[in-house]
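Thanks for coming. I have one structure to go through this morning, and I will take it a piece at a time.

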Amino acid sequence: MDRQPEEFRIDLQAYFERVDYRGSTEPTHATLAGLIAAHVRRIPFENLDPLMGVPVIDLGTASLTAKLVARRRGGYCYEHNNLMRDVLCELGFDAQRLSARVVWMSPDGLDGPPPPQTHQALAVQIPGSGERYLVDVGFGGQTPTAPIPLVADEVEQTSHEPFRLCQHADGYVLETQIGQRWRPLYIVGMQPRPLIDMQVGSWYVSTYPESNFVVGLSAALVTDDARWNLRGRNLAIHARGGTERVRFDDAAQVCAALVDRFGIDLTGLGDVEAKVASVLDN
C-alpha cells in the first residue's frame with residue numbers, strides 16, 4: 001500500500017477526536033467496524049464546495065484533514081473514502097481504492113446504459129487474514145454503516161438496513177434491502193485504482209454543468225437509529241418507525257439546518273444562503 005510521505009501523514013488523534021472514536025487501534029475487524037460507525041455519525045455527506053463553485057477539490061491527506069477534520073466540514077465520496085483510506089493505511093490495514101458506477105435511483109437500474117464511474121469505495125483487508133471487505137463511508141443517504149464482506153450473496157445486517165454484494169460482469173453490485181425489496185446501489189469493480197483516477201472522477205462530478213453536485217444541494221448524516229437526508233428544501237428523516245418529512249420555507253431555514261442538524265461549519269464559503277436560494281427546488 002502506498003503510504004503518504006512523513007510530512008503528509010494523517011493526524012490520527014485529531015481524526016479520532018473529530019469522529020469521537022475511543023476504541024482499539026489494532027487493525028482488526030472490530031476496529032474497522034467501529035471506525036466506520038463513528039465516521040458516518042460525525043462527518044456529514046455534503047456538496048457545498050461544488051455548489052459554491054470551488055474549482056478544484058484537493059484529495060490530498062493534508063487538505064482532507066484540514067477540511068473534514070479541522071474545519072468540521074463534510075464532503076462527498078472521494079473526500080470521505082480517501083480520508084478513511086488514509087486512516088486505515090496508517091493503522092496497518094491494506095485499503096485499496098475502487099471505482100463504481102451508481103445505479104441507485106436510476107429509472108433503468110441495472111438494465112440501462114452504463115453510467116460513468118463517478119463513485120469511490122474501498123476494498124479493505126484485515127492484516128494476517130484472508131478477510132476482505134467493501135468499505136464506503138461516502139454514499140450519502142444510503143451509506144453502508146458497517147464493512148460489507150467481499151463475498152457474493154452474503155447478507156450483512158448493519159445497524160440500519162441489510163446489505164449484500166451480488167456478482168456482476170464488472171465485479172459486484174452492492175444492494176440494500178428497503179422494506180421487502182433488494183435495490184441496487186452501484187456496480188463496483190475490483191481493480192485497485194490510483195489516486196489520479198479518483199481525482200479525474202472528483203473533478204467531473206464537481207465541475208460538470210449538469211452534475212447534481214453543481215446544480216443542487218445535498219447533505220446526509222447517519223444517527224444511531226435514523227438517516228437524515230437533505231435535498232434542496234426537503235429533509236427526510238428515515239427511522240425504523242417510518243419517515244418524517246420536513247419542507248423548509250426558505251434558504252435561511254435550510255442553512256440553519258446545515259449548521260444545527262448536520263453540524264456543518266459554513267464560514268468562509270461566501271454567500272451560501274443566496275446560492276442555496278437559487279437551487280432550493282432542484
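Start at the hairpin of β8 and β9, where two residues sit between the strands and Gly179 has a positive phi near 70 degrees. Before going on, a caution: this is a predicted model.

Ile178 has Arg181 as its bridge partner in β9, and Gln177 has Trp182.

β9 also pairs with β2, again in the antiparallel sense, over three bridges. Here Val102 is bridged to Tyr186 of β9.

Now the whole sheet. How many strands does the open sheet have, and in what order? There are eight, and the order is β5-β4-β3-β2-β9-β8-β7-β6, with antiparallel pairing. At the edges are β5, residues 148-149, and β6, residues 156-157. Each of these has a single partner strand, so one side of each has no neighbour in the sheet.

Which helix lies across β2 and β3? That is α6, which runs at about 35 degrees to β2. β2 itself is residues 94-102.

α6, residues 195-207, comes up again when we turn to the largest pocket. The volume of that pocket is about 1,600 Å³. It is lined by 48 residues, and the closest to its centre are Trp104, Met105, Phe139, Gly141 and Gln142. Several elements give two or more residues to the lining, among them β3, β8, α6 and α7. The strands β10, β11, β12 and β13 are also on that list. By class, the lining is made up of 21 nonpolar, 19 polar and eight charged residues.

Where is Arg73 placed? It is in the loop between α4, residues 61-70, and α5, residues 77-91.

Is Arg73 buried or exposed? Arg73 has a relative accessible area of 1%, and the cut-off for buried is under 20%, so Arg73 counts as buried.

As for what surrounds Arg73, I leave aside its neighbours within four places in sequence. Its contacts then include the charged residues Arg18, Glu46, Asp49, Lys67 and Asp265. Arg73 is also in contact with Ile43, Pro44, Leu48, Leu68, Ile264 and Leu269.

That is what I have. I will take questions now.

Key:
Residues numbered from 1 in each chain as written. Predicted model: local features only at pLDDT ≥ 70, side-chain atom pairs only at ≥ 80, totals over all residues. Heavy atoms only, no water. 1 Å grid on protein atoms, 1.4 Å probe; cavity = no way out; pocket = protein on both sides within 12 Å on 5 of 7 lines; lining within 4 Å. Points joined across faces, edges and corners; volume = space filled by probe spheres on them. Helix = DSSP H or I, 4+ residues; strand = E, 2+ residues; numbered from the N terminus. Pairing = 2+ DSSP bridges. Contact = heavy atoms within 4.5 Å. Axes fitted to C-alpha atoms, helices over the stretch in contact; angles between N-to-C directions. Buried < 20%, exposed > 50% of the residue type's maximum accessible area, 1.4 Å probe, protein only.
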